[in-house]
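User: Hi! Could you walk me through this model when you have a minute?
Analyst: Happy to, let's look at it together.

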Amino acid sequence: MLVKDWIKQAIKPEENEKYLQNGNDFINDDELQSALEKNVSASKEEIRAIIAKSKSIQALSIDETAKLLHVKDPELWNEINTAALEIKKKVYDNRIVFFAPMYCSNLCVNNCSYCGFRSENKNEVRRVLTQSEVVKETESVLDNGHKRMIMVYGEHPKSNIDYMVETIKSVYSVERKAPVSGRVTSIRRVNINAAPMIVVDLKKLKETGIGTYQVFQETYHKKTYAQVHPPKTLKGNYQWRLYALHRAQEAGIDDVAIGALFGLYDWRFEVLGLVAHAAELEEKFGVGPHTVSVPRLTPASGSLLSTKSKYLVNDDDFKKLVAVLRLALPYPGLIITAREQPEIKKEIIQLGCTQTDASTKIGIGAYQECKAEEELNSEQFTIGDPRSLDSIVREMAEMGLISSFCTAGYRCGRTGDTIMGMLKHCVEGKFCKLNAVLTFREYLNDYASPETKALGEKLIENEIGQIRNEKFFMKNNGKLFNEFMTNYEKIKKGKRDIYI
Ligand code: SAM
Ligand code: SF4
């Protein structure tokens with residue numbers, strides 16, 4: 001099919017119309033702007049009441065979030081930051097989930113002014129991975145120790161739905177022996193970051209057994225959206241993108257993920273946009289986003305905007321927006337990526353992030369090719385943290401955090417509103433703690449360097465002590481604890497992929 005014919009059939013406006021109210025979508029720029037303007041000077045008491053609400057694991061309203069965004073008092077910021085970590089611990093415990101991205105294609109019909117893949121960037125060497133290359137990339141990702149992958153695609157007929165389905169099947173088909181123990185391992189959860197799709201295509205994605213479907217709105221501010229996404233491109237259609245995850249829910253994909261690209265417009269406005277998006281999903285489908293991502297604009301080849309945008313977010317504001325998001329949306333996962341430098345990433349993780357990537361390569365075929373770091377600069381954007389998974393796992397262990405490779409929730413049917421309900425009641429975090437320890441045990445035996453293993457062993461010992469002391473695990477004569485310990489011992493002896 002010709003590219004222009006493919007473009008013509010990519011959007012079906014009627015699939016969006018039913019969600020609009022009198023032609024309007026759920027983002028009202030004026031309302032969000034006025035929420036920012038009228039909530040500039042909340043009293044200390046009001047802010048403390050909002051923090052307390054959030055600590056009881058309730059989502060905040062737009063006005064409450066706007067009040068937090070305007071806090072100036074450093075003492076109150078300390079309280080917000082402390083609450084952010086407390087909330088994370090309550091809902092998700094002291095663990096951090098790891099994943100690796102795989103960039104499958106950089107052909108793109110769009111022309112987003114911040115992205116190295118945009119069609120007018122003539123410096124970009126275009127490439128689509130073949131299925132055998134996908135297999136090789138997967139082998140490299142597995143050799144690093146990962147169990148979760150997020151696959152990323154440009155929007156183009158050469159990386160259409162059929163291509164995506166084939167690549168996902170290819171990833172799931174790979175089995176690989178772990179370098180230290182020789183145990184056979186595979187990718188257990190494939191997530192997707194791809195353009196908005198029509199419902200029939202989303203159903204095909206669902207059938208392949210994907211985990212989460214992720215679409216970032218980039219900016220919720222309509223005027224800015226139109227400036228950075230040329231109107232005649234597919235991505236120029238703001239509402240088609242805004243309802244991408246509604247259509248995904250309709251297609252049966254109940255783990256959906258939102259995000260904003262911070263640096264295109266006022267960061268405070270984008271936070272309110274994310275909060276409004278989460279509330280809309282919750283209202284329409286009874287389940288909010290599975291995760292929220294906070295990518296920050298980083299330099300991209302040939303993109304002036306990526307380095308010169310007047311809205312680039314500095315580190316202090318970045319920390320503030322993450323902490324406020326943690327408070328405003330206490331139960332979705334919060335993702336910080338390798339776009340960030342190690343130092344800031346470490347600080348951000350302490351503000352309640354639940355997931356991150358490691359040993360990341362964003363070039364097409366880059367895991368296999370082991371490209372030099374400077375070459376990465378000519379790719380979609382620049383990464384700030386190229387460290388290996390092992391070194392980041394070690395850093396996390398030094399911070400007292402368990403590295404989790406758990407994919408149990410989704411494979412036991414704990415998805416969508418089931419998992420969100422459990423997160424809201426702080427129950428899922430308990431299962432996660434057990435499964436995090438089990439998968440961490442696997443990682444230490446299969447991949448860890450001796451230094452990481454030594455640190456990890458101490459952490460696990462400590463965790464098992466905590467689990468033993470917690471009532472929740474010891475109910476019914478310690479049934480759950482005993483099941484956990486049985487699995488733990490089996491893993492130590494070489495059994496793999498067992499969970500609770
Ligand atoms: N093409 C699909 C789309 O646009 O949704 C999916 C892939 S796109 C490669 C994934 C994400 O990368 C985008 O949603 C955007 O937020 C992010 N991105 C693009 N350019 C970036 C830059 N210069 N810095 C940081 N992130 C960027
Ligand atoms: Fe294409 Fe996505 Fe990059 Fe836009 S952000 S140019 S749609 S790959």
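**Contacts, rings and a ligand**

Analyst: Among contacts in the chain (heavy atoms within 4.5 Å) between residues at least 6 apart in sequence, 75% join residues at least 24 apart. This is a predicted model, where local features need pLDDT of at least 70 and side-chain atom pairs count only at pLDDT 80 or more, while totals for chains, interfaces and linings use all residues. Residues are numbered from 1 along each chain as its sequence is written, chains are lettered from A and ligands numbered from 1 in the order in which they are written, and side-chain values use heavy atoms, with hydrogens and water left out.

User: Thanks! How many helices and strands does the chain have?
Analyst: There are 24 helices and eleven strands, counted as DSSP runs (H or I of at least four residues for helices, E of at least two for strands) and numbered from the N terminus. The radius of gyration is 22 Å, close to the 23 Å that the globule rule gives for 500 residues, so the chain is as compact as a globular protein of that length. That radius is taken over C-alpha atoms, and the rule is 2.2 Å times the number of residues to the power 0.38.

User: What share of the residues is buried?
Analyst: Of the 500 residues, 61% are buried, where buried means under 20% relative accessible area, exposed over 50% and partly exposed in between (1.4 Å probe, protein chains only).

User: New topic: what surrounds ligand 2?
Analyst: Its shell consists of Cys-108, Asn-110, Cys-112, Tyr-114, Cys-115, Phe-117, Arg-118 and Lys-235, each with a heavy atom within 4 Å of the ligand.

User: And the aromatics, how many pairs are there?
Analyst: The count is 14 aromatic pairs. Rings of Phe, Tyr and Trp (its six-membered ring) pair if their centres lie within 6.5 Å; planes under 30 degrees apart are stacked, over 60 edge-to-face and the rest tilted. One of the pairs is Tyr-225 with Tyr-238, edge-to-face at 5.0 Å centre to centre and 85 degrees between the planes. Tyr-225 lies in α10 (222–228) and Tyr-238 in α11 (238–242), so the pair ties together parts 13 residues apart in sequence.

User: Are those two tyrosines buried or exposed?
Analyst: Tyr-225 is buried at 1% relative accessible area, and Tyr-238 is also buried, at 8%.

User: Last one: where is Asn-22?
Analyst: Asn-22 sits in the loop between α2 (14–17) and α3 (29–38). Its phi is positive, about 50 degrees, although it is not a glycine, and Asn-22 is exposed at 79% relative accessible area.
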